[in-house]
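Me: I would like a close look at the ligand site. Keep it brisk, please.

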Amino acid sequence: MKILPYQPDQSGMAYSVGTTLDRFIKSKQSDFPFASGELSQLLRDIALAAKIVNRETNRAGLANIGGAFGQTNVQGEEQQKLDVIANIRFMRALSKGGEVCAIVSEEEDSVIDLQNGSGKYVVAIDPLDGSSNIDVNISIGTIFSIYRRKTPVGSPIQEEDIMQPGKEQVAAGYVLYGSSTMLVYTTGFGVNGFTYENSLGEFFLSHPAIQAPKDGKIYSINEGSELEWTPGVKNYVDHCKKSQYSARYIGSLVADFHRNLLKGGIYGYPSTQKNPNGKLRLLYEANALAFIAEQAGAIATDGVQRILDIQPETLHQRTPLWIGSEKMVNEAMGFLNKKREAVNL
Ligand code: FBP
């Protein structure tokens with residue numbers, strides 16, 4: 001019986017489809033000396049729910065799942081049907097997986113206790129970000145943060161398990177449902193992006209080791225709020241115009257952040273008279289993107305301090321957010337805090 005060592009095909013007859021998310025997660029498990037595979041499984045659960053939500057968003061117009069759901073969430077925002085569907089899909093996947101003990105969701109007033117005696121992870125999630133763009137076929141997203149619980153596994157969920165600063169995240173990521181669907185995440189060892197191949201139902205590694213350009217020429221801010229800006233914000237945006245930066249604002253945080261992460265740019269949602277603490281939520285919007293930004297060599301601040309250092313006080317607390325290329329965010333901080341040192345990592 002002849003035994004030959006495997007020789008990878010050189011004919012080029014069948015191009016390699018690349019590295020699946022599953023394989024990548026498995027290969028990276030060794031980054032964690034005490035890995036037990038639970039975090040890997042949790043990431044797979046999120047990817048599964050993302051595939052289902054991707055299918056729902058793609059066919060929303062056909063499946064009568066567009067439009068308002070007819071209820072408001074704890075933020076007082078009108079829930080879209082897809083907000084509710086995405087929330088159900090992620091909740092179900094996370095509860096079925098068995099690794100998660102509690103969930104914080106934009107669509108849930110309270111912490112959801114999964115009553116799972118063996119779950120050691122807490123997930124904070126914005127099931128569908130960019131709700132105002134759902135019905136008009138513009139890119140939307142999902143944002144997630146993962147923490148290890150602080151109290152013993154199996155014991156009742158405590159405040160300290162939930163109210164953890166962003167720097168305690170063990171993983172974070174987002175899904176972008178756009179011209180293609182991508183999942184981008186970090187476990188603290190760099191940032192990797194995966195593109196969804198519909199025909200195979202798999203995410204494939206398409207953007208390995210993402211590094212944000214240190215500088216850029218794109219600024220993303222809702223200029224409709226200009227009259228409510230502080231002089232510092234106004235001066236910075238004027239500076240962007242004088243510097244002939246391009247204004248790009250999709251109105252979906254994930255989409256604006258993703259573009260700026262790859263091309264270089266800054267996204268700002270400052271505090272305004274209408275939103276003195278800004279609009280975006282710390283636990284399930286700002287923290288995840290701040291972790292990814294820093295892992296990709298970019299910066300995230302509330303204008304005064306590093307987003308990841310903020311100690312959360314309430315579940316749905318908001319924060320001003322300036323996030324993007326290091327030089328641009330430092331430049332913006334120079335305008336915002338004329339008298340203070342720019343934020344340096
Ligand atoms: P949700 O859609 O999840 O509530 O997220 C908030 C958000 O839609 C961000 O995606 C976006 O960047 C921002 O609000 C847009 O706010 P505004 O319309 O005030 O500019």
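Me: Which pocket does the space taken by the ligand form?

Reply: The ligand takes up the space of the largest pocket. A pocket here is an open set of points on a 1 Å grid over the protein atoms alone, with protein on both sides within 12 Å along at least five of seven lines. This is a predicted model; local features need pLDDT of at least 70, side-chain atom pairs count only at pLDDT 80 or more, and totals for chains, interfaces and linings use all residues. Residues are numbered from 1 along each chain as its sequence is written, and side-chain values use heavy atoms, with hydrogens and water left out.

The shell comes next. Around the ligand stand 18 residues (a heavy atom within 4 Å). The closest are Asp129, Asn222, Tyr249, Leu253 and Tyr269.

Now the polar contacts (pairs of N or O atoms within 3.5 Å). Each one below involves an oxygen atom of the ligand. Tyr249 places a polar side-chain atom 2.6 Å away. Leu253 uses a backbone N or O atom, at 2.7 Å. Glu285 has a polar side-chain atom at 3.1 Å. Taken alone, the ligand exposes 470 Å² (Shrake-Rupley, 1.4 Å probe). The protein buries 89% of that.

Two or more shell residues come from each of β5 (121-129) and β13 (266-269). Strands are DSSP runs of E, at least two residues, numbered from the N terminus. β5 gives the largest share, three residues.

How values were computed: A polar contact is a pair of N or O atoms within 3.5 Å; within protein, one must be able to donate a hydrogen and the other to accept it, and residues adjacent in sequence count only if both atoms are side-chain atoms. On a 1 Å grid over the protein atoms alone, a cavity is a set of points where a 1.4 Å probe fits but cannot get out, and a pocket is an open set with protein on both sides within 12 Å along at least five of seven lines; lining residues have an atom within 4 Å of a point. A molecule sits in a cavity or pocket if more than half of its atoms lie within 2 Å of its grid points. Helices (H or I, at least four residues) and strands (E, at least two) are DSSP runs, numbered from the N terminus.
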